[in-house]
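Hello,

Here is the structure I promised to pass on. Please have a look at it first, and then read my notes below.

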Amino acid sequence: MQTVTIKVDERIRDNFFWLLQNFKGRGVEIIDIEESIPDTEYLKSIKGMEESIIKAANEPIENYVTREELEW
């Protein structure tokens, strides 16, 4: 059996999964359905992340450093 990873647009998701269900037990097995969320929702879901971003956005420009100034 071959495993395939695909992305399905939200507009056709329900129809696509309905189609897959019709093949269930006849050669198609749904292993996992991963729900994706927009980046902003993901960042907001991390405790303290939103406050951290707001705080950084309000930081005075004098406190910023350029890439060249960073110590890697």
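Which side chain does arginine 11 meet in a salt bridge? The partner is aspartate 9, with 3.0 Å from N to O. Please keep in mind that this is a predicted model, so every value here is computed from predicted coordinates.

Arginine 11 is exposed, at a relative accessible area of 74%, while aspartate 9 is partly exposed, at 36%; the cut-off for exposed is over 50%.

Arginine 13 takes part in the others. Its side chain meets that of glutamate 10 at 3.8 Å, N to O, and the side chain of aspartate 14 also forms a salt bridge with arginine 13, at 3.7 Å. Through these shared partners, Glu10, Arg13 and Asp14 are joined into one network. As background, side chains of opposite charge can pair when their charged atoms come close.

Now for the overall fold. The protein has 3 helices and 0 strands, and from the N terminus on its elements run α-α-α. Its radius of gyration is 22 Å, well over the 11 Å that the globule rule gives for 72 residues, so the protein is more spread out than a compact globule. Along the principal axes, the C-alpha atoms fill a box of roughly 65 × 25 × 20 Å.

What share of the 72 residues is buried? The figure is 0%, with buried meaning under 20% relative accessible area. The protein exposes about 7600 Å², and carbon and sulfur atoms supply 54% of that area.

Finally, there is a pocket to look at. The largest pocket holds about 1000 Å³ of space and is lined by 24 residues. Which of them lie nearest its centre? They are Val4, Thr5, Ile6, Phe17 and Asp32. Sorted by class, the lining has 11 nonpolar, 5 polar and 8 charged residues.

If you open the model, you could begin with arginine 13 and its two salt-bridge partners, glutamate 10 and aspartate 14, and then turn to the pocket around Val4 and Phe17.

Best wishes

Definitions and conventions
Residues numbered from 1 in each chain as written. Predicted model: local features only at pLDDT ≥ 70, side-chain atom pairs only at ≥ 80, totals over all residues. Heavy atoms only, no water. Salt bridge = Lys/Arg side-chain N within 4 Å of Asp/Glu carboxyl O. Buried < 20%, exposed > 50% of the residue type's maximum accessible area, 1.4 Å probe, protein only. 1 Å grid on protein atoms, 1.4 Å probe; cavity = no way out; pocket = protein on both sides within 12 Å on 5 of 7 lines; lining within 4 Å. Points joined across faces, edges and corners; volume = space filled by probe spheres on them. Nonpolar A, V, L, I, M, F, W, Y, C, P; charged D, E, K, R; others polar. Helix = DSSP H or I, 4+ residues; strand = E, 2+ residues; numbered from the N terminus. Rg over C-alpha atoms; globule rule 2.2 N^0.38 Å. Areas by Shrake-Rupley, 256 points an atom, 1.4 Å probe, with all protein chains shown as cover.
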